[in-house]
Amino acid sequence: MSWTNTSFPLSTGVGSPSTAVWEDYLYSIGGRTSSADPNALTNVVQFTKLDAQGNMTQPWALAGNMSLGCYRNGVLVIENKMYIFGGSLNGTGAKMSNIQIASLSPDGTVGSWTASAMPLALDQMGVTYWNGFVYIIGGNTGSSSFDIYRARIDGSGNLGAWSVVGYLPANTAGASCWRMPTLKNLVYLSDPTTTNKFCVGLINENGSISWDVTDPVGYTAVGGGVRISMTNSRTIYTNAFSTSGVLVRLDDTGRKMQGFNWGLRGLDSTISSATMVTIKNKIFILGGVLAPGYTTNILVAPILDGAPGGERF
């Protein structure tokens, strides 16, 4: 697999940023700015513009500032509104219980922020939107949360009351839900705890989630709290604190693991606390710790035959 640096690095080096894609814009949201100081967090939302092939066409710039600096957030963009869920406030492990909401302008900048409340203080949760409802899946309260919450969103983008509609599969970790990929009414969890499970969740009409859990021989999961990305509707790529990763192939329904390949050729350097995102036919890794500190680098590899660099099973 061939990884190269993009022409436009981040304007500020960050670790564990969140990301979002809206229209022709890619956003990097919050994150840590010092590996030595766990309280050094940024409230900056950076953005760049993309062309039809997913290439960055301009330097990263300031889109706006969040109300608070934080990291390990959940992020959704619904219509033209950005929702930033919870996150870690500082090195003490304090979690946020609010949702920061702002409208996005046609030029990609972020408007003023308003606040809504989550059902509890969390970071490293999964978030998704389906059929008029927003879901918060798992997360970390200081220990794993196994609950799945949902709230209706109205035509103006306002969130209603939260209610519990289900739970994570047994013996999985809530923090592994961070950056879990989603496809319409399917959610994917690659869980590194205990038995290295691969879980596919189907969102039912009543809002509950039915889980299909596999524990294939030889599969070594990489948690969603590290780096995980869906390269197309049938392939998931995960990468942790290493120079290799796991490629998971799904069947035509998207609900069953068809196969996997461990030990992919990967990065030239070990990068931790980075963020992975897939755009068009490319997969990007943003920021992260690269000695001696957080890097502004953005690495990119082409997706060929549904996999980064055309990797085969």
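**Strands, salt bridges and surface**

Tutor: In this predicted model, the secondary structure of the protein chain comes to zero helices and 27 strands.

Student: Which strand has the highest mean pLDDT in the protein chain?

Tutor: The chain as a whole has a mean pLDDT of 83, with 82% of its residues at 70 or more. Among its elements, strand β27 (residues 307-308) marks the lowest mean, 54. At the other end, with a mean of 97, stands strand β7 (residues 81-85).

Student: What share of the residues in the protein chain is buried?

Tutor: A residue counts as buried when its relative accessible area is under 20%. Applied to the 313 residues of the protein chain, this cut-off gives a buried share of 56%.

Student: How many residues apart in sequence are the parts tied together by Asp123 and Lys95?

Tutor: The side chains of Asp123 and Lys95 meet in a salt bridge, with an N to O distance of 3.1 Å. Asp123 belongs to the loop between β9 (114-122) and β10 (126-130), whereas Lys95 belongs to the loop between β7 and β8 (96-103), so the pair joins parts whose separation in sequence is 28 residues.

Student: Are Asp123 and Lys95 buried or exposed?

Tutor: The cut-off for the buried class is a relative accessible area under 20%. The class that holds for both Asp123 and Lys95 is buried.

Student: In the salt bridge of Lys256 with Asp212, how far apart are the closest N and O atoms?

Tutor: A salt bridge requires a side-chain nitrogen of Lys or Arg within 4 Å of a carboxyl oxygen of Asp or Glu. For Lys256 and Asp212, the closest N and O atoms lie at a distance of 2.6 Å.

Student: Which residues make the nonpolar surface patch of about 290 Å²?

Tutor: The protein chain exposes about 12,200 Å², of which carbon and sulfur atoms supply 48%. One member of the patch, Val164, is placed in strand β13 (residues 163-167) and is partly exposed, with a relative accessible area of 39%. The nonpolar patch is made by Phe146, Val164 and Tyr167.

Conventions:
Residues numbered from 1 in each chain as written. Predicted model: local features only at pLDDT ≥ 70, side-chain atom pairs only at ≥ 80, totals over all residues. Heavy atoms only, no water. pLDDT = per-residue confidence, 0-100. Helix = DSSP H or I, 4+ residues; strand = E, 2+ residues; numbered from the N terminus. Buried < 20%, exposed > 50% of the residue type's maximum accessible area, 1.4 Å probe, protein only. Areas by Shrake-Rupley, 256 points an atom, 1.4 Å probe, with all protein chains shown as cover. Patch = residues over 30% accessible without salt bridge, like charges linked within 9 Å, V, L, I, M, F, W, Y side chains within 5 Å.
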